[in-house]
Amino acid sequence: MDKTYDIGLGNIDVNLRKKADSDFVSFWDDEAKNLSWFSHWEKTLDWHPPFAKWFVGGTINASYNALDVHQKTKSGKSAILWEGEDGESRVITYGEMLSQVKKFSNVLKSLGVKKGDRVTIYLPMVPELPIAMLACARIGATHTVIFSGFSAASIKDRIIDSHSKVVVTANGGYRRGKIVKLKEVIDEAIKDVNFVKHVVVLERTKNEISISSKDKLWSDLMNNVSDSCDAEKLDSAHPLYILYTSGTTGKPKGVLHGTGGYLTHLYSTFKWAFDIKDSDIFFCTADIGWVTGHSYVVYAPLLHGATQVMYEGAPDFPDASRMWSILQKYHVTIFYTTPTALRMFMKFGDNIPNSFDLSSLRLLGTVGEPINPEVWKWYFKTIGKEKCPIIDTWWQTETGGMLISPLPGLETIPLKPGSGTRPIPGVHISVVDENGDDVSPNTKGYLVVKNPWPGMLLTLWNDDEKYKTVYWSKYEHCYYPGDYALKDDDGYFWLLGRTDDILKVAGHRIGTAELESCIVSHSDVAESAVCGIPDDVKGEVIIAFVVLKQGLSDSKILEKEISDKIRNDIAAIATPKQIYFVSKLPKTRSGKIMRRLLKGIANNEKIGDVSTLEDGAAVTEVQSAVDYIQKSIKETSG
Ligand code: ATP
Ligand code: MG
């Protein structure tokens, strides 16, 4: 394994781990007391596998905990430092946030939204997006946010699935300097959906929109309501939101999250992982359309009364320096992003970040995919100047919050590039074999969670059966995330990719993540994806797709170097049968590589039309990557 990095903050609280190990239920009971409850719970955990209810009988409100609780001491403190893609900026204090949220709660009520109703939100990354979500939470409506890059067809499916009578959108949003006409997309999505009664339209851009009888302007509605609205006292398990997963492994699933348990999980993990202080400037680059944005842009920072930067647009617009210029401008202290984004920044070269003052940074985080050690080291050296711990957080839409992560706010442990280190306290995670038995150290196996945790999904929306089958049927009473992992001699976890991405070559199981990581560790390589194609002799042979760093071109020598590297670092058996050099890879809108699609292409399946993919809006990008790759394959083999 890689060398370790002794970077921690030294706030060791060994008692917390001990307490969690001896009784996870009473441990979480104590953690829940960090929040403000209207009434205390009677039972900490009601566990009827696989359904868990946390803090039963307690009543709580997410918007109250995010805003009202801070008013005495922090009403003038900045909650959101917003940076528009076009250079516009806004500062919203905790006081203003609360007043806007109360008003929008009254707007929703005036449109007939009641406790338990679903509201679909399709907005760009503007402050009105968290405002709308918190307003739903305030009155007990369940929000269902759809990433503003999705197409009409995907939105229609989600609106029908959640049966939302009210949709909140904007006339447009900025993306790479262009206006995306969101309202037009909604018009198309709901044209045959009669139960949608109202569409609220925020005017973010200058484009004209056609107004039908269902449409109401955000500004008109807000001008006509009062700014007093008490937060509803909701049951701890009250559904806070439905969010669809990224769809990396197939059709997205409607994950349903509750309130009291979810907020407890976020409050504690945000404190442990990011060691949040009143003076910090936090910046998470995730779009609120994904779970990272729900949990660590909207809820966790606000629960802590933190100040955060929220950025509207593309990370490389108008040029490759945008991210670093935002970090410098706002003196960001904690930066949380994805391996995909980091690989892109790395591809642009070191001169760009080196020309900015990033000295305010004290912690760096990643989420979403395994981070290759090479990229980890680049992040550590070039961005963190070797003084910021890297918080590699493993979790899923379904888990609600982080489950495996270094926790510098809690304890100092050496970091290993590419490992998420250990599970958070109060969660028992193992690596097991097909039979569910723990494997020995350094052996690959399936990751499982052996006890319920507070951020856990309640179920899949309207589909308890699917919830049981997808997550709880492989092993009895164990949650099955569908990820492949190993635990090393020090008890550190290494995430090795998804179980359905595993390559099986001549009886050996090889994780896509470790292979890709090895390829990316070649100094010329920016990104890589591997997949398997059937082979009569070996079962499967490996095909690798490689994107080079900017300005470099492929060669036979380079191809050999990559193959040799795999042979040396992993095994001869893992050497790809073919390496294709391509300019880009097909990705989901959340930035994850679509290995299934690559597999289809490599297997010569007809991938003429990618519009059947759930992720409709990315179709043109994915299609152009597919066309390019198909062309390169033909050229290489012909
Ligand atoms: P779908 O479930 O629809 O296929 P998805 O799994 O991509 O979509 P998310 O919930 O956004 O949807 O992603 C969670 C997955 O992302 C995890 O199961 C894991 O495979 C991967 N992941 C997240 N964080 C990390 C990390 N730090 N290291 C390794 N993998 C990670
Ligand atoms: Mg998943």
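This is a predicted model: local features need pLDDT of at least 70, side-chain atom pairs count only at pLDDT 80 or more; totals for chains, interfaces and linings use all residues.
Me: Which residues of helix α12 (residues 322–330) are buried?

Reply: Residues are numbered from 1 along each chain as its sequence is written, chains are lettered from A and ligands numbered from 1 in the order in which they are written, and side-chain values use heavy atoms, with hydrogens and water left out. Helices (H or I, at least four residues) and strands (E, at least two) are DSSP runs, numbered from the N terminus, while buried means under 20% relative accessible area, exposed over 50% and partly exposed in between (1.4 Å probe, protein chains only). In α12 the buried residues are Arg 322, Met 323, Trp 324, Ile 326, Leu 327 and Tyr 330.

Me: Which strands stand at the edges of the open sheet of 4 strands?

Reply: Strands pair if DSSP finds at least two bridges between them. The order here is β21-β22-β24-β25, with antiparallel pairing. A single partner strand each, so one side of each without a neighbour in the sheet: that describes β21 (429–432) and β25 (493–498).

Me: Which residue in β24 is the bridge partner of Gly 445?

Reply: Strands β22 (residues 445–449) and β24 (residues 483–487) run antiparallel and are joined by 2 bridges. Gly 445 has as its bridge partner in β24 Ala 485.

Me: How many disulfides does a search of the whole structure find?

Reply: A disulfide is a pair of cysteine sulfur atoms within 2.5 Å. The sulfur of Cys 229 is too far for a bond, because the closest cysteine sulfur, in Cys 136, is 12 Å away. For the sulfur of Cys 284, the closest cysteine sulfur is in Cys 388, at 17 Å, again too far for a bond. Across the whole structure, the number of disulfides found is 0.
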